[in-house]
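Let's take a friendly walk through this protein, with the fold open beside the text. Have a look around first, and then we can go through it piece by piece.

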Amino acid sequence: IPQASRFLFMKNKVRMICDALAPPVKVIQDNRLPQPLSLCGSTLRSPHGCHSQYMVNMGSIASLVMSVVINEDDDATSGSEQRGRKLWGLVVCHHTSPRFIPFPLRYACEFLIQVFGVQINKEVELGVQLKEKHMLRTQTVLCDMLLRDAPVGIITQSPNVMDLVKCDGAALYYKQKFWSLGVTPTEAQMRDIAEWLLEYHSESTGLSTD
């Protein structure tokens, strides 16, 4: 969904198009107004011409669109910021002839979609928690290998370091030998990287670059 459309769906949770073929009515603005009128929250706002044509091509004349909104991920906001909201998806109802949905029915649909959004939000948060637990278990296994003086296992065994860090490849340089996994530089290149790290970042416990 384009960013501009996402903004409109966030502003107007229930969007109704009664007749995609109806000619739009021009809005005349008073010249004394300091800025143009915003109709993003209007239920009666006419659809864009390309969207009307898109509906006609599908054989749809009327539609009702409801926005499913959930909480943003924790990593999308800092600790001091309040968690925002984001568009998760849309529930779209089509009709092959012009149709007007009365306000009480639209209001009931909005309530149902809010309840649905709460349930989706719980499912998403549960998935994040399960992923975090899996990462902690993997981290524990890998740390145990290192503590048992068997660091080669983080590359050669399962789970390995690539199960913990999202990457295309990983390499271990241990006792003058290389162990690689996935897509990695050549041994000569990895040796140069190791020498550079020892020379310029010997006191650092880790280094990452974008």
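This is a predicted model: local features need pLDDT of at least 70, side-chain atom pairs count only at pLDDT 80 or more; totals for chains, interfaces and linings use all residues.

Which residues of helix α3 are buried? They are R106, C109, I113, G117, I120, N121, T138, L142 and M145. Between them, these buried residues pack against β1 (14-17), β2, β3 (85-95) and α4 (153-156).

The mean pLDDT of the protein is 85, and 94% of its residues reach 70 or more. Confidence is highest in strand β2 (residues 62-71), at a mean of 92, and lowest in helix α1 (residues 3-11), at 81.

Helix α3 covers residues 103-147, 45 residues in total. From its first C-alpha to its last, the helix reaches 65 Å, close to the 66 Å expected at 1.5 Å a residue. Just after α3 comes D149, which takes a positive phi of about 60°.

The domain assignment gives two domains, domain 1 (3-101) and domain 2 (149-201). Their C-alpha centres lie 50 Å apart.

**The sheet and the helix on it**

Three strands make up an open sheet, in the order β1-β2-β3, and the pairing is antiparallel. At the edges are β1 and β3, each of which pairs on one side only. From one strand to the next, the twist averages 15°. Strands in a sheet pair through backbone hydrogen bonds, either parallel or antiparallel. Here, β1 and β2 are joined in the antiparallel sense over four bridges.

| Item | Value |
|---|---|
| α3, first C-alpha to last | 65 Å |
| Domain 1 to domain 2, C-alpha centres | 50 Å |
| C167 to G182, C-alpha to C-alpha | 8.8 Å |

Is C167 buried, exposed or partly exposed? C167 counts as partly exposed because its relative accessibility is 31%, and that class lies between the cut-offs of 20% for buried and 50% for exposed. C167 and G182 are 15 residues apart in sequence, and 8.8 Å separates their C-alpha atoms in space.

Methods:
Residues are numbered from 1 along each chain as its sequence is written. Side-chain values use heavy atoms; hydrogens and water are left out. pLDDT is the predictor's confidence in each residue, from 0 to 100. Helices (H or I, at least four residues) and strands (E, at least two) are DSSP runs, numbered from the N terminus. The expected span of a helix is 1.5 Å times one less than its number of residues. Buried means under 20% relative accessible area, exposed over 50%, partly exposed in between (1.4 Å probe, protein chains only). Contact means heavy atoms within 4.5 Å. Domain bounds come from an automatic or database domain assignment. Two strands pair if DSSP finds at least two bridges between them. Axes are lines fitted to C-alpha atoms, for helices over the stretch in contact, and angles run from 0 to 180 degrees between N-to-C directions.
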